[in-house]
Amino acid sequence: MAGGANERSLWGSRAGFLLAAIGSAVGLGNIWRFSYVAYSNGGGAFLLPYLVALLLAGAPIMLVEYGLGHKYHGSPPLAFRAISSKMEWAGWWMPIVATLGIMLFYAVVIGWCINFFLYSFNLGWGDNTQEFFFNNFLLIENEGTYMVKHVNWQILGATFIVWLTCWGICFKEVNHGIEKACLVFMPLLLILTTVLVVWSITLDGAAQGILLYIKPDWGKIDVFSNPEAWKVWTAAFGQTFFTLSLGFGIMITYASYLPKRSNLVGNGIFVCLADTMYSIFAGFAVFGVLGFMAASRNVSLQEVVKQGPGLAFVVYPQAINQLPVARELFGALFFFTLVLAGLSSGISLIEAFTCSITDKFGFKRGKVVSIICVAGFLGSIIFTTNIGLFVLDIVDHFINSYGLLAGGLLECVLVGWFIKTKLIRKHMNDAGGIVIMPAAWDWCVKIVTPAILLLMIVMAVVEDISKPYEGYPRWMILTFGVGALLLTLLPSVALSLAKWPDRKVSHKPEQEHILT
Ligand code: PHE
């Protein structure tokens, strides 16, 4: 296509777009991250900082991304360049961090879920799930050794399947690939989650777990009486960003496939609400099962509550072992739900980078996706080795504490200071739809949101400088954390310096209608 007019495809229906956007937002983070972050930061009281974060940073930046993608009708590099050619590198940096920073390990974690889905059928994780997960499955020998010695072939195989599936979906134009996949994945995800929630809350002891999850502990969030409370507030902002998939230009890309007349503001708010509700809902399944497990083993609830991989791959299998009936089915349901949630987010991570390349260079989508997926699979291999979990932990920390927030900050600066926010707001309001964006959004994007993001980045830097993250050796932090972040800058600058081919990008004219 290089050299000719490049026709961009569009979403086939409004529902298709919404499901794809929600599919990106709802991911592994909603199931194992939200409930734990909420619990450890004040339980029910966490909802307040979370909603404030949603209002002051999550929703405004979501709308910045929708506005940019829709107005400039393209992926992040194209949109950023349309505002200032000096900023094109940042438009590349965001999707590159998404694909290289997150997807490389996200695919491996989905691979773990596939393995555990298979283990469910004969409860193959045995009785000592802790030892099984860390030693037998992840092949970690003893803490403190960070030499690559083995690859876990099972994880590698499952990771291959994940990349292959994503390749199969992203290979086709969005309206045939991602949209069709999400039309199946998302309703299925909702049904499976509902079954899990209903099943979990009817277990003995579930009520205590759920009470712990929702009981508000106002002292934890009160910045005036509790000097540690600021951490709860930063956790809320971090969670909003991660869960809504912001700061990577994914929503810029997805919005660029919307037709001219679209209900942008309404869609943005809908996605924010749907994602939040899903997180809260899934939390009932997580804490219901934890309550059941604490009751059946007669231990305190606090003892069984864990975050992240420990929750899904150690505590949950333990709980499943103790279920009175249909243990295998419960396990299979839980891990299959994680696989689905992960895949619908994974494809969005690949899409942002793919679209950036096809927008600029006009290469065929199929070729671009194939190269990204092969390279991505090779890059994922490090996470399938015996040091994979440690590398994952470091990369995840740096991407979450800096990458996401820096991406959001760049977007705010671009929209708030390089062009008039009014311009984007007017564009969104004129695009159609009944929900009108208030003028207060301008002030959020110009001042409030970037100030908060900047503060959070500074605080993270101070913390990381004062002590190495989680006590990892400095060489590992420098290589996989700082190094990875800096390495993603090189291709970003290089790609932004490449000359833009002389091409016109256009919508298919017959598709310029309001999606219903
Ligand atoms: N939002 C996804 C989740 O909650 C993760 C994600 C982050 C996906 C950033 C894409 C981009 O798991």
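Which helix gives the most to the lining of the second largest pocket? α21 does, with six residues. This is a predicted model: local features need pLDDT of at least 70, side-chain atom pairs count only at pLDDT 80 or more, and totals for chains, interfaces and linings use all residues. Residues are numbered from 1 along each chain as its sequence is written, and side-chain values use heavy atoms, with hydrogens and water left out.

**Ligand site**
- The shell around the ligand has 14 residues, and A25, G29, N30, Y106 and F242 come nearest; a residue is near if one of its heavy atoms lies within 4 Å.
- α2 (28-40) is among the helices that supply at least two shell residues, and α2 gives the most, three. Helices are DSSP runs (H or I, at least four residues), numbered from the N terminus.
- By class, the shell has seven nonpolar, seven polar and no charged residues. Tyr counts as nonpolar and Gly as polar; the charged class is Asp, Glu, Lys and Arg.

- A polar side-chain atom of Y106 lies 2.9 Å from a ligand oxygen.
- The side chain of N30 has an N or O atom 3.1 Å from an oxygen atom of the ligand.
- For S245, the side-chain N or O atom is 3.1 Å from a ligand nitrogen.
- Alone, the ligand exposes 320 Å², and the protein buries 100% of that (Shrake-Rupley method, 1.4 Å probe).

**Cavities**
- There are three cavities of 30 Å³ or more. A cavity is a set of points, on a 1 Å grid over the protein atoms alone, where a 1.4 Å probe fits but cannot get out; lining residues have an atom within 4 Å of a point.
- The largest cavity has a volume of about 150 Å³, the space filled by probe spheres set on the points.
- Its lining has 15 residues, with S24, Y106, F242, S245 and S345 nearest the centre. α16 supplies the largest share, three residues.
- The second largest cavity holds about 70 Å³. α13 gives the most to its lining, four residues.

**Second largest pocket**
- The second largest pocket holds about 350 Å³. A pocket is an open set with protein on both sides within 12 Å along at least five of seven lines.
- Of its 17 lining residues, F398, Y402, V461, V482 and L485 are closest to the centre.
- The lining has 15 nonpolar, no polar and two charged residues.

Terms used: A polar contact is a pair of N or O atoms within 3.5 Å; within protein, one must be able to donate a hydrogen and the other to accept it, and residues adjacent in sequence count only if both atoms are side-chain atoms.
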